[in-house]
Amino acid sequence: MAKKINLTKYLAIAVTLAVGILFVIKFAGPQLLKLYITAGYGTCKENPVLCMAPSMEIIKTRIDRGYIAKLVPFKFPEPKTEVYMPLNFTVYKGEVKEAYFKKLKRTQIKQVAYLLYRKPNFFVNLFPQITKGKIQNDYDFLKKVMNANINSIKDITDAFFVIMKCIFIPDMGDQKNLIMAEFTLGEKRGFINYNLTPTVNYYDCNLINNQCEFFKLYIKDTGATLDLDKVFAIISTIESDTIGCPREIDGKNFY
């Protein structure tokens, strides 16, 4: 039986190691912290997202219901989550097998989507030493990550969020046309990063719903069959078993 890989587990391990190294040099100046990050993740020239932030806000009030009717549901258990996608996409979530990646390379699947789900306050609880007193909920955490800039590093916390940004944003191609935007979609809000090219479109969708649940939907669309309106229609279909968000975090109401 192929060994399973828990992607979230390895994300947490990678970040923990990074944080540990950063704390070792926590008394170093901003330039040394920046040098440490560029050594591991590259410069803004090599990895433009390091110097980018959301440049616009998108508010979607209308969704193409006719397009949604053409989509098919992809459902996952434990916890139950689902997203509606075009039938020709391969959609996976959470834990995958090593054999899957080998098969993916052999068959060169062209259109892939990856759905990640986490319970309310997952990131706030995962990094309490960083977020305590500064970040009240996962949306605040997400916003801090998306606005992180390697050229604005002043202390260990700034460096942490730049590293999180490097880890958090997946492959977006050459990033030449990369756009980062904040969005509101009904009761969902979040950040979408996308890179549209003549042959492949990349979408990295990060959202929090009104139950404080976090979802990441990453789409690699070889053939460039999806536009931004279609992706927002897809995002609108993301659902899970409602857990309900804490009404208070450190004594403050989230909603």
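User: In which order do the three strands of the open sheet stand, and is their pairing parallel or antiparallel?
Analyst: In this predicted model, three strands make up an open sheet whose pairing is antiparallel. Strands E3 (72-76) and E12 stand at its edges, each with a single partner strand, so one side of each is left without a neighbour in the sheet. The order is therefore E3-E4-E12, and the pairing is antiparallel.

User: How many bridges join strand E4 to E12, and which residue stands opposite serine 240?
Analyst: Strand E4 covers residues 81-85 and runs antiparallel to E12, with two bridges joining them. Serine 240 belongs to E12, and the residue standing opposite serine 240 is threonine 81.

User: Where is glutamate 213 found, and with which side chains does the side chain of glutamate 213 make a polar contact?
Analyst: Glutamate 213 is found in the loop that lies between strand E10 (200-208) and strand E11 (214-222). The side chain of glutamate 213 makes a polar contact, at 2.8 Å, with the side chain of serine 240. At 2.8 Å there is also a polar contact between the side chain of glutamate 213 and that of tyrosine 117. The side chains asked for are those of serine 240 and tyrosine 117.

User: How far away is the nearest side chain of opposite charge from glutamate 213?
Analyst: Glutamate 213 is buried and yet has no salt bridge. A salt bridge needs a side-chain nitrogen of Lys or Arg within 4 Å of a carboxyl oxygen of Asp or Glu. For glutamate 213, the nearest side chain of opposite charge is that of lysine 188, at a distance of 8.7 Å.

User: Which residue forms a salt bridge with lysine 188, and is lysine 188 buried or exposed?
Analyst: Lysine 188 lies in strand E9 (residues 188-196) and its partner in strand E12 (residues 239-240), 51 residues apart, and the pair links these distant parts of the chain. The closest N and O atoms of this salt bridge, formed with glutamate 239, are 3.8 Å apart. Glutamate 239 has 37% relative accessibility and counts as partly exposed, whereas lysine 188, at 10%, counts as buried. The partner is glutamate 239, and lysine 188 is buried.

User: Are the side chains of aspartate 204 and lysine 216, which meet in a salt bridge, from buried or exposed residues?
Analyst: The salt bridge of aspartate 204 and lysine 216 has an N to O distance of 2.7 Å, and the pair links strand E10 with strand E11 across 12 residues. Aspartate 204 has 0% relative accessibility, while lysine 216 has 6%. Because the cut-off for buried is under 20% relative accessible area, aspartate 204 and lysine 216 each count as buried.

User: Which cysteine does a disulfide join to cysteine 44?
Analyst: The count comes to one disulfide, and cysteine 166 is in none, with the nearest cysteine sulfur, that of cysteine 44, 9.3 Å away. A disulfide needs its two sulfur atoms within 2.5 Å, and the S to S distance in the link of cysteine 44 is 1.7 Å. With 60° about the S-S bond, this link is right-handed, and the cysteine joined to cysteine 44 is cysteine 51.

User: Where is asparagine 147 found, and which residues is asparagine 147 in contact with, leaving aside its neighbours within four places in sequence?
Analyst: Asparagine 147, which counts as partly exposed at 37% relative accessibility, is found in the loop between helix H7 (138-146) and helix H8 (156-168). A polar atom of its side chain lies 2.8 Å from the backbone oxygen of lysine 143. Leaving aside neighbours within four places in sequence, asparagine 147 is in contact with Ala53 and Pro54.

Definitions and conventions
Residues numbered from 1 in each chain as written. Predicted model: local features only at pLDDT ≥ 70, side-chain atom pairs only at ≥ 80, totals over all residues. Heavy atoms only, no water. Buried < 20%, exposed > 50% of the residue type's maximum accessible area, 1.4 Å probe, protein only. Lys, Arg positive; Asp, Glu negative; His and termini not counted. Polar contact = N/O pair within 3.5 Å; in protein donor to acceptor, adjacent residues only side chain to side chain. Pairing = 2+ DSSP bridges. Contact = heavy atoms within 4.5 Å.
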